Amino acid sequence: MIKDKVVIITGASSGIGEATAKLLSSKGAKVVLGARRDDKLKHIVAEIEAGGGHASYRELDVTKQADNDEIVSLAKERFGRVDAIFLNAGIMPNSQLSALKTDDWHQMVDVNIKGVLNGVAAVLPTFTEQKFGHVITTSSVAGLKAYPGGAVYGGTKWFVRDFMEVLRMESALEGTNIRTATIYPAAINTELLGAIRDKATAEAMQKVYDQYGISPERIADIVAFAIDAPADTTINEFTVGPANQP
Ligand code: NDP
């Protein structure tokens with residue numbers, strides 16, 4: 001059941017996060033949106049509320065632990081509990097290693113890895129106390145299969161995979177009823193490519209997305225499916241992408 005579930009979504013100001021917020025709220029969930037561009041969040045929340053949905057938002061930089069803690073507090077204050085958190089914020093400034101774009105490497109580690117750690121650290125005490133919860137993350141097919149230009153990005157997404165599997169195992173062993181779901185999208189048309197500063201890499205990736213990219217709503221459908229599963233069932237991993245992408 002999705003109706004009345006309280007779901008926090010990071011990276012909700014565009015792409016997959018925005019589509020998921022809109023879909024879940026249309027199915028009756030109470031959504032709490034976080035990202036850095038709070039003007040965009042304000043607009044999305046207004047749209048959801050105009051359609052009769054329930055939503056709240058907060059400026060969130062996932063690299064800051066305090067921001068993560070505060071969005072969990074906001075969800076509890078506004079809606080009374082947290083049923084699920086979709087740790088979706090991420091960046092992909094890909095480049096060849098030889099270009100030595102080390103600032104981009106570190107930023108990917110900060111957002112894609114530490115951002116997930118910070119989100120889990122923020123919500124785990126609440127989930128443990130409630131004795132239920134659902135952690136959903138956006139990894140990537142880049143976390144399953146290496147490709148030139150994606151060394152650091154793929155590494156961060158591989159980390160998410162491993163981390164989530166251990167979270168699933170430990171939650172089961174501890175009997176906390178915390179469910180997990182890790183999603184591995186392929187080419188999805190969002191703002192993700194906008195951060196690529198390496199011209200050759202940007203052009204090569206744009207070609208792939210122009211040829212194959214599908215809508216972020218397809219990933220939102222998967223998040224909804226995972227949340228909708230019966231409480232005793234974890235649907236753990238999804239690889240989702242364009243039907244015609246090799
Ligand atoms: P978008 O660029 O459209 O969305 C990324 C979101 O992350 C934005 O809402 C952005 O908001 C947010 N974000 C970035 N940095 C931070 C930060 N420091 N703190 C909080 N929020 C942040 O791309 P997608 O929707 O595609 O990306 C969503 C996830 O999906 C990412 O984890 C990405 O790696 C993953 N993914 C995407 C694929 C694709 O083909 N599009 C394929 C595989 C995985 P703001 O800038 O306002 O902070």
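The model is predicted: local features need pLDDT of at least 70, side-chain atom pairs count only at pLDDT 80 or more, and totals for chains, interfaces and linings use all residues. Numbering starts from 1 along each chain as its sequence is written.

The span 5–184 is 52% helix and 19% strand, with its end C-alpha atoms 24 Å apart. Helices (H or I, at least four residues) and strands (E, at least two) are DSSP runs, numbered from the N terminus.

Helix 4 covers residues 102–130.

| Helix 4 property | Value |
|---|---|
| Bend at Val-123 | about 35° |

The bend is the angle between axes fitted to the seven residues ending at a residue and the seven starting there. After the helix comes Lys-131, with a positive phi near 65°.

Buried residues of helix 4 include Met-108, Val-111 and Phe-127. Buried means 20 or more other C-beta atoms within 10 Å, exposed 12 or fewer, partly exposed in between; C-beta atoms are placed from the backbone. Asp-110 is partly exposed because 17 other C-beta atoms lie within 10 Å.

Around the ligand stand 30 residues, each with its C-beta atom, placed from the backbone, within 6 Å of the molecule. Among the closest are Gly-11, Arg-36 and Gly-90. Helix 1 (residues 15–26) gives the most, with 3 residues.
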